[in-house]
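Subject: Structure handover

Hello,

Here is the structure we talked about. Please open it first, then read the notes below.

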Number of protein chains: 2
Amino acid sequence: MPFRYANPTAETHAQPLTIGNLLNSTDRRDADQVIVYRDQKRLTYTDLRDRIGRLATTLEAAGAEAGSTIAVLDWDSHRYLECFFAVPMIGAVLQTANIRLASSQLLYTLNHAKAEILLVHRDFWPVIEAIREELSHVRSIIAISDGDAGEIPAWCIGEYEALIQSNRPRVTFIEVDENALATTFYTSGTTGLPKGVCFSHRQIVLHTLASVAAFASAAGPGFRRDDVYMPLTPMFHVHAWGFPFAATMLGMKQVYPGKYEAERLLQLRRDEGATFSHCVPTVLQMVIETAIAAGERLDGWQILIGGSALTPSLYEKATSQGAYVTTGYGMSETCPMISVNWHGDEPYDSTRGGLPIPLVQAKIVDPDNNTLPDDDEALGELVLRSPWLTPCYVDNEPASEALWRGGWMHTQDVASISPSGSIQIRDRLKDVIKSGGEWICSLSLEQIIAAHPDVAEVAVVGVPDPVWQERPVAVIVPREAEKAPTLEAICKTLDTAVVSGEISRYAVIDKLICLDALPLTSTGKIDKKALRAAIADNSAAAAGANG
Amino acid sequence: MPFRYANPTAETHAQPLTIGNLLNSTDRRDADQVIVYRDQKRLTYTDLRDRIGRLATTLEAAGAEAGSTIAVLDWDSHRYLECFFAVPMIGAVLQTANIRLASSQLLYTLNHAKAEILLVHRDFWPVIEAIREELSHVRSIIAISDGDAGEIPAWCIGEYEALIQSNRPRVTFIEVDENALATTFYTSGTTGLPKGVCFSHRQIVLHTLASVAAFASAAGPGFRRDDVYMPLTPMFHVHAWGFPFAATMLGMKQVYPGKYEAERLLQLRRDEGATFSHCVPTVLQMVIETAIAAGERLDGWQILIGGSALTPSLYEKATSQGAYVTTGYGMSETCPMISVNWHGDEPYDSTRGGLPIPLVQAKIVDPDNNTLPDDDEALGELVLRSPWLTPCYVDNEPASEALWRGGWMHTQDVASISPSGSIQIRDRLKDVIKSGGEWICSLSLEQIIAAHPDVAEVAVVGVPDPVWQERPVAVIVPREAEKAPTLEAICKTLDTAVVSGEISRYAVIDKLICLDALPLTSTGKIDKKALRAAIADNSAAAAGANG
């Protein structure tokens, strides 16, 4: 027998899951609530609604229509928030351009996404100036002078603030199909060309509802209407993890800090009373070090950490300073929220990704896609299902098919899962060191080595080995150049971990390299590809010198 | 230009919004969390998952398939919760039968919904016994003996607990279309035959997510993972306002109290530590009076009130006893959550329905469907849009068309809306008293009269009047029969309200009737239709006696 369905009338309105509907009643309910941009601007929610309407007509006047791609290059600002809403609300697609990409990669992503309109902060005028002749689809560029008076480039049609003030606000918007694309952006891609992910209105609305359901229902501090939200993950990076949509839906006070500078972030937190932020560990480190140097306590500040594992030592440091730190897991392809490592039984394991949020399914599989047990020991690739995973990479069928092979989204993260379902990421699939038929997790080694008192930073990578296929090499930044630890000292630390059963005997490193700093990708993660290349060059040079 | 869409691969899995997906990972994440049924049963979430699987195979063995309607007649129990999931998860439709309906109306609703399988608590065996010959679609009846040993009726195929223990649990469920119907139930209908509303999987999932987003994000106490949930609105009434789905999704401790008896409810609250409940004002009154009589404090108990306006006096009483009472608005047709009257600026106005929850749109219209201003003064019919409103009444086109005329769902509630969007229900459209071309709200009069110290209960209805079209009549239950207030005493109270501008001069009543009790509908609301009939009979009798 088939399923049963309702018989709606001709006039029944099945309200779609559109980004515009996240704004319902916020302009009146939270009329006097404020959205702050640095020390430069304070908007009410009534202003926000008005400015979204003005931006919509401004974009339409610049040639935007349903289906157009509109790219933004800006620091975290109220303008960016206005674009989060106005662009999808006119049926167009918001490209959150990665301003940290090399100009050639930025050019590639703008052309690949067929961006027709650009909104460009003055800090990026030189970059666009250099590539603008090669922009294949761009028809209008709007300058963002960010409060500075003075000339805008001749290739811009006008300045953001002046343009939106000169256009009447759109009040009624078209009803967008909930399955239409709302956003797109490109993963920084440590290998090959950047790949574009994309999300529909429906996906972003569901991600917003499920994220709020998860974070607001926390037993301890959560994400609540009386919190003050300030992103520390850029808005171009997976929509600042979707929290600007969530904070706006709930009518919360929001603080947008512009370019991230540790002193300004801390000052905004103090002055505006920010209570909820999120960032990757490297940004946390920057903020915590600055706070410690200034003797500043961070009590009452919830910080959600994702993007890579949070070392117990950095967790301890942030917690000692008063911050309430929670870890979670997600990635560009997942919109991004997948799991949260809730506080409960202490001690808190800051290296965990935690438990799936509502509607998410997670499991680990071997290279043949067989499901592995959730026993906290088996290592496999983490694969996912949920309503908000990117359906594909934009115009890249081979990569899309690899992403979704077997009907589950492949994260390329190697994980174990506990019997209660808690995810622990152990490594990137490409960073796992395959040695003698076994997998060695670079992350486990890194955590142990990072605990050595003379080590400031560490990365472990696999290098080709004629006997074992690969062998682990540790690259460290010593705390003090004169006190760089020796290979013997590090191996002694690792031997202790072998005895305690944390790692296997064959995981102990054969080689140690000291550097002044580790190479980083555009999103602030350690660039292991560059490290492997440097080690190979180094070995080749050494071999040449010896030969 | 058309919207842009993603190009999913053949294997991309767009996880649907199904009720089964609300359970994702709860059986492992919350494995040891408990679900309590009175003093009779304690389940873990692992047990719940297992029992849902067993119930699914039991229902299938009884002839259920996708599209079947399966009706439940039970008090609030773990069994009912199992049905909330198992029935929709096999693609069937759960009919939550209204056990308070007269048997002829119950028969009508079971036949109208084409119920094929019934699950019937022993308390309702006599009712079913009496009508079972006339049940047009029923093929199997499952008895619920609720722990009592002894015979089950010969017309039952078996007993619930014995059947599910004898069937193996289904582990893998079919993937249900998110737009397939999941539930149906009938409004008690003070006029005409009961009307069936219906909700799809998608609607219930969205209602669950949005409700949790709204209640969990409250600035004060909310609906959080460490709360203990106990319904005080029956599960047959709009899915106990959807909270069993929400509590299960979050893996909360849940307490199902069986038949509502004030002492037992209070004891369960104490013994199991219930912290979050919801009910209509009449149930609140029963519980509060019992608590006061027993000298029992209710601190730490959040109670959400809906269904009808909460008088300031009952609010005050509950608050004095320690309960944290919040009011909201919704109805059978709306799944039901529409708005919540958040705590904030005191004094708290317990008569308000409050602010729309995420994704909801609300406005008031005049009889010609023109939108009226949100100025807290204009009175109009409240009309709504959201993704979880019933698309139609089941097999009732004229009523469905009236419900959705103009593309907004008509609530038949007369409301005003404040500039910030806060809804205040003033009356039912049919209860508004049309006097001399103006609308008189019966609710406003009732609130003023209820404040009179000698009045225990009050209802105001319009009666036909040759000059004014209708005139208000107050029907009261005095606190003490000997101290029944006079018409003059009540009018004096009303005159004060005229002077202070609360009501108009023409709203002052002409007639007062004293009764021992007010007639109630099956859902515990005052039955104004019966009252009007009684007054008409009374007048006719009086006229006859006088004539």
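B:Ala92 counts as buried because it has 29 C-beta neighbours inside 10 Å. (A residue is buried if 20 or more other C-beta atoms lie within 10 Å of its own, exposed if 12 or fewer, and partly exposed in between; C-beta atoms are placed from the backbone.) This is a predicted model: local features need pLDDT of at least 70, side-chain atom pairs count only at pLDDT 80 or more, and totals for chains, interfaces and linings use all residues. Residues are numbered from 1 along each chain as its sequence is written, and chains are lettered from A and ligands numbered from 1 in the order in which they are written.

B:Ala92 sits in the loop between helix 3 (78-89) and strand 4 (93-96) of chain B. (Helices, H or I with at least four residues, and strands, E with at least two, are DSSP runs numbered from the N terminus.) Leaving out residues up to four places away in sequence, B:Ala92 touches B:Ala64, B:Ala66, B:Gly67, B:Ser68, B:Thr69, B:Ile70 and B:Val87. (Contact means C-beta atoms, placed from the backbone, within 7 Å.) B:Thr183 is 91 residues from B:Ala92 in sequence, yet their C-alpha atoms are 8.5 Å apart.

Now take B:Asn7, in the segment before helix 1 (26-29) of chain B. With 14 C-beta neighbours inside 10 Å, B:Asn7 counts as partly exposed. B:Asn7 and B:Ser103 are 96 residues apart in sequence and 54 Å apart in space, C-alpha to C-alpha.

**Helix 11 of chain A**

Helix 11 covers residues 281-294 of chain A. Its 14 residues should span 20 Å at 1.5 Å a residue, and the end C-alpha atoms are 20 Å apart, which agrees. (The expected span is 1.5 Å times one less than the number of residues.) Buried here are A:Pro281, A:Val283, A:Leu284, A:Val287, A:Ile288 and A:Ala291. They cover an arc of only 155° around the axis, so they lie on the same side of helix 11 of chain A. (The arc is that of the directions from the helix axis to the C-beta atoms.) The buried residues of this helix pack against helix 10 (262-272), strand 12 (276-279), strand 13 (302-305) and helix 12 (312-320) of chain A. A:Gly295 follows helix 11 of chain A, with a positive phi near 65°.

**Strands of chain A**

Strand 11 (residues 253-256) of chain A points A:Lys253 and A:Val255 one way and A:Gln254 and A:Tyr256 the other; all are buried. Strand 1 (residues 34-37) of chain A pairs with strand 11 of chain A in the parallel sense, over three bridges. (Strands pair if DSSP finds at least two bridges between them.) There, A:Tyr37 has A:Tyr256 as its bridge partner. Strand 10 (residues 228-229) of chain A also pairs with strand 11 of chain A in the parallel sense, over two bridges. A:Tyr229 has A:Gln254 as its bridge partner.

Elsewhere in chain A, four strands form an open antiparallel sheet in the order 17-18-19-20. Strand 17 (361-365) and strand 20 (423-428) of chain A are at the edges, each with a single partner strand, so one side of each has no neighbour in the sheet. Five bridges join strand 17 of chain A to strand 18 (residues 380-385) of chain A.

**Where the chains meet**

The contact takes 70 residues from chain A and 70 residues from chain B. Helix 7 of chain A supplies the largest share of chain A's side, five residues.

Best wishes

Note on methods
Contact = placed C-beta atoms within 7 Å.
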